[in-house]
2 protein chains.
Amino acid sequence: VTLRVLAAALTIVLAATCWPAQDALPASTNVPGTDYPRIHPDRRVSFRLKAPAATSVKLQTLSDGLGKGPIDFKRDEAGNWNLTIGPVRPGFHYYAFLVDGVQVNDPASETFFGWGRESSGIEVPAKDLDFYDLKDVPHGDVHIHAYRSGSLGTFRSAYVYTPPGYDANRSKRYPVLYLQHGAGESERAWTKQGKANLILDNLIAAGKAKPMILVMENGYATSVRDNRAGISIREAFDKLVSQELIWNIDSSYRTLADKDNRAIAGLSMGGGEAIYTGLKHADLFSWVAGMSGGTQLLDLVPGEAGRAVALRFLKLLWLGYGTEDGGYPAAVKVHRDLEPKHVPHVWFETSGSHEWQVWRKCLYELAQRLFR
Amino acid sequence: VTLRVLAAALTIVLAATCWPAQDALPASTNVPGTDYPRIHPDRRVSFRLKAPAATSVKLQTLSDGLGKGPIDFKRDEAGNWNLTIGPVRPGFHYYAFLVDGVQVNDPASETFFGWGRESSGIEVPAKDLDFYDLKDVPHGDVHIHAYRSGSLGTFRSAYVYTPPGYDANRSKRYPVLYLQHGAGESERAWTKQGKANLILDNLIAAGKAKPMILVMENGYATSVRDNRAGISIREAFDKLVSQELIWNIDSSYRTLADKDNRAIAGLSMGGGEAIYTGLKHADLFSWVAGMSGGTQLLDLVPGEAGRAVALRFLKLLWLGYGTEDGGYPAAVKVHRDLEPKHVPHVWFETSGSHEWQVWRKCLYELAQRLFR
């Protein structure tokens, strides 16, 4: 037995130190022509930064999936700082480097708006999942749709996914899912980090989801005046959606412009926005979903009429959570409390924490149930 | 006179040292909620980076318009590194920070793909120009159009601008301008750095340009096999455009699918790609333009038949250059040599060097002449 343990330990040490570099591949989220970060077949990740004059380089992990940071790099003789971590969880993870204490991007990574800034990100492949892969199926377009908000007095930009065939079928109209990002992110997050367009392309190609339009706006819509008046982010966004965005989308795209063909969903902060706005406007939405957020809004106290009434008019209330998310226990409690209150809803849970891989799975599950 | 000079000098010194900070505004290219970089009314720019542990911070100017770098920041007692430069030229400029010798992004800036990586960028307003401003006119959509290239065996993504009214006028067909970025940039550059969509929105609203579709692809289309065979970037891109992209666009969008309604233009490396492909396929393009690039391809030697013949079939050969561009003198020579060869063309020159402000002006001029 002792020999076996020694042999196993030796194998691990050898694998960790001598793994042939050619088995590790540059991440798909790298900018073209860069060798690092590299992902090993066992999902370890190697980072490298050339910084001969730096005295300290650390990895700042900005997603649970990469483990706890900051983690020190080691400098080699050529002035490269190297670090291998993991195995890490599959999916998309934000990260940054700390160069002599300053949080900066990895110059080798594409950037992804999260944490209130353009952050580095890494896509770690999941061998057993392909629902968000770019496949050889018909693809919808993502439109960067500029419009003017009269109430905010500013121009806004929504990302709008139109399903495959939208341009060819010139009279067909489609249902719409309004889909919100989380705190510190932007209207670009659901397609760039979340691959929402690819998830829908694949579902539609497989006949598992109805062709639909996705509208992804920026959840921050607080004007200077709103700020002074103490209007919350959620209320400001509600005003934008209910008074301007829906009207703009319905007049710009071939939508089915009624509540039974309109859904709203979001993740984290966006989950709160979706549930708040969805239940405030029972005349606008029949399908409401929160992913890793917003569940607390359903913790209805006796006598609270509005949301309870709105819930009766819904075709679907959908709630999703990662089981390792800090908010999971409280959300489960709300979910269980909804049963005796006879509030029908779908509860979805999956492994993972507060991370994009969970939200991709949420969208995959949710989209199959919408507009049926 | 001496007193006047002294007074003027004093005013300048006072303005430079005591200019009230509240007159300087955060750049439009900053991420939301950031105070720096700030642009002063006289177009000086102040940068700031909090980096208490760094021993050196410098500005790496990646555009002529910001002057020559690197330029040293000064550390204050709070650990902020500060630098004010300029006045700088109006327009869009790439930049980076050097933190203890490592080139990194300014965390306060949006990112723009240039120099082969996600770079920081700053938009410096031009008081006398508004042709690329976001105005209250009808806006076209920018589509992120995914498609599969059979020859490359990879998925590609083109940015496609459809003019205002494209969705409402369901039978109208439009001419197409293929528009290429420069070296180290990507298909996102013409809309993000160049504001091509806003330039077209404004021109179309003013009745100065025909409504048209813009197709912006990535000028790097060299496969691994091409690389091994020594196929140049230009030839690889030509193959993609002439054999796949045009067909894909004509079958995905409501185009006028003939040579008289198809133009190709590009800047710098993309100017070479545009002139090469435009003149190689006289059957595909009637309108060809090079901005700050590609002019050398027109330096036809006696006996060179192909391009000379192709030129006769063009409706427009358009060449534009910034007068401070390093390539300007050679380009002017080619332009002058074309006259005695009886090659009709339009020559456009404007102040500025190898920078986006020149290319915005080029597009503004060019678009007004196309498809007439």
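This is a predicted model: local features need pLDDT of at least 70, side-chain atom pairs count only at pLDDT 80 or more; totals for chains, interfaces and linings use all residues.
Residues are numbered from 1 along each chain as its sequence is written, and chains are lettered from A in the order in which they are written. Local features need pLDDT of at least 70 and side-chain atom pairs count only at pLDDT 80 or more, whereas totals for chains, interfaces and linings use all residues; side-chain values use heavy atoms, without hydrogens and water.

**View 1. The interface of chain A and chain B.** On chain A, 43 residues are in contact with 43 residues of chain B (heavy atoms within 4.5 Å). The two chains bury about 3,400 Å² between them, with 56% of it on carbon and sulfur atoms. Buried area is the accessible area (1.4 Å probe) that two parts lose on being put together, summed over both. A:Ile144, A:Phe155 and A:Arg170 supply 17% of the area that chain A buries against chain B, more than any other three residues.

**View 2. A salt bridge between the chains.** The side chains of A:Arg188 and B:Glu110 form a salt bridge at 3.2 Å, N to O. The rule (a side-chain nitrogen of Lys or Arg within 4 Å of a carboxyl oxygen of Asp or Glu) finds 4 salt bridges across this interface.

**View 3. The paired β12 strands.** Strand β12 of chain A and strand β12 (residues 141-149) of chain B run antiparallel and are joined by 3 bridges. Strands are DSSP runs (E, at least two residues), numbered from the N terminus, and two strands pair if DSSP finds at least two bridges between them. A:Ile144 has B:Val142 as its bridge partner in β12(B).

Terms used. Helices (H or I, at least four residues) and strands (E, at least two) are DSSP runs, numbered from the N terminus.
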